[in-house]
Amino acid sequence: MKNLITLMLLIAVTTFASAQTKILHDFTVKDINGNTCDLSTLKGKKVLVVNVASKCGLTPQYAQLQELYDKYQNRDFIIIGFPCNNFREQEPGTNKEIQEFCQMNYGVKFPIMDKVQAVGDYKSPIYKWLTEKSENGKIDADIRWNFQKFMIDENGLIVDCILPQAPFYEKVADWIEDK
């Protein structure tokens, strides 16, 4: 009986260990200029990941995102924007056009990455991780529209998802300030 319990415990531990999920820091992506960006460099920072678009009714959220970034970038906080053309083709531009739009219209200084697929059969690996509990160990989250936000803690684990139209500034500020 003792051997059976030991065997069952060993199987349970092995199953749990093999079910461990990835974290944000396991990913490497391209930035908007085509440079490799190793997300392991974000260890110790709270990260807000946002799928962004230039021709969306929610595009003015860039201003609030930049305000958050300006206020908290020195408190181990970063925002990463991933342009996405999945929703009514509201991000049709090239990376250069996207970058120029963000800087000229909103003074965006937080990192913008290479355009990705946030939904569908060709979903990028980072968005597969963000949206599938089997990948992130925490939540299943359908991307409903542009400007959906994912809060990632200092250890690279998903904390929460904020829907595109939801008020987000205060929630993110409270999270950064540990309120």
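A: Begin with the elements: helices, of at least four residues, and strands, of at least two, are DSSP runs numbered from the N terminus. In this predicted model, Serine 124 is found in the loop between H3 and helix H4 (125–131).

Q: Is Serine 124 buried or exposed?

A: A residue is buried when its relative accessible area is under 20%. Serine 124 has a relative accessible area of 11% and is therefore buried. Residues up to four places away in sequence aside, Serine 124 touches Val116 and Gln117.

Q: How is the span of helix H2 checked?

A: At 1.5 Å a residue, the twelve residues of H2 (residues 61–72) should span 16 Å, and the end C-alpha atoms are 17 Å apart, which agrees.

Q: Which residues of H2 are buried?

A: They are Gln61, Tyr62, Leu65, Gln66, Leu68, Tyr69 and Tyr72. Viewed down the axis of H2, these buried residues fall within an arc of 155°, so they line one face of the helix. Their cover includes strand E3 (46–52), strand E4 (77–83), helix H3 (95–106), strand E5 (149–152) and helix H6 (169–176).

Q: How many aromatic pairs does the structure hold?

A: The structure holds ten. Planes under 30 degrees apart count as stacked; the rings of tyrosine 62 and phenylalanine 110 have planes at 25° and centres 6.4 Å apart, so this pair is stacked. The pair links distant parts of the chain, 48 residues apart: tyrosine 62 in helix H2 and phenylalanine 110 in the loop between H3 and H4. Tyrosine 62 is buried at 0% relative accessibility, and phenylalanine 110 is buried at 3%.

Q: Which residues form one aromatic cluster?

A: The cluster consists of Tyr62, Tyr69, Phe101, Tyr106, Phe110 and Phe147.

Key: Residues are numbered from 1 along each chain as its sequence is written. This is a predicted model: local features need pLDDT of at least 70, side-chain atom pairs count only at pLDDT 80 or more; totals for chains, interfaces and linings use all residues. Side-chain values use heavy atoms; hydrogens and water are left out. The expected span of a helix is 1.5 Å times one less than its number of residues. Buried means under 20% relative accessible area, exposed over 50%, partly exposed in between (1.4 Å probe, protein chains only). The arc is that of the directions from the helix axis to the C-beta atoms. Contact means heavy atoms within 4.5 Å. Rings of Phe, Tyr and Trp (its six-membered ring) pair if their centres lie within 6.5 Å; planes under 30 degrees apart count as stacked, over 60 as edge-to-face and the rest as tilted.
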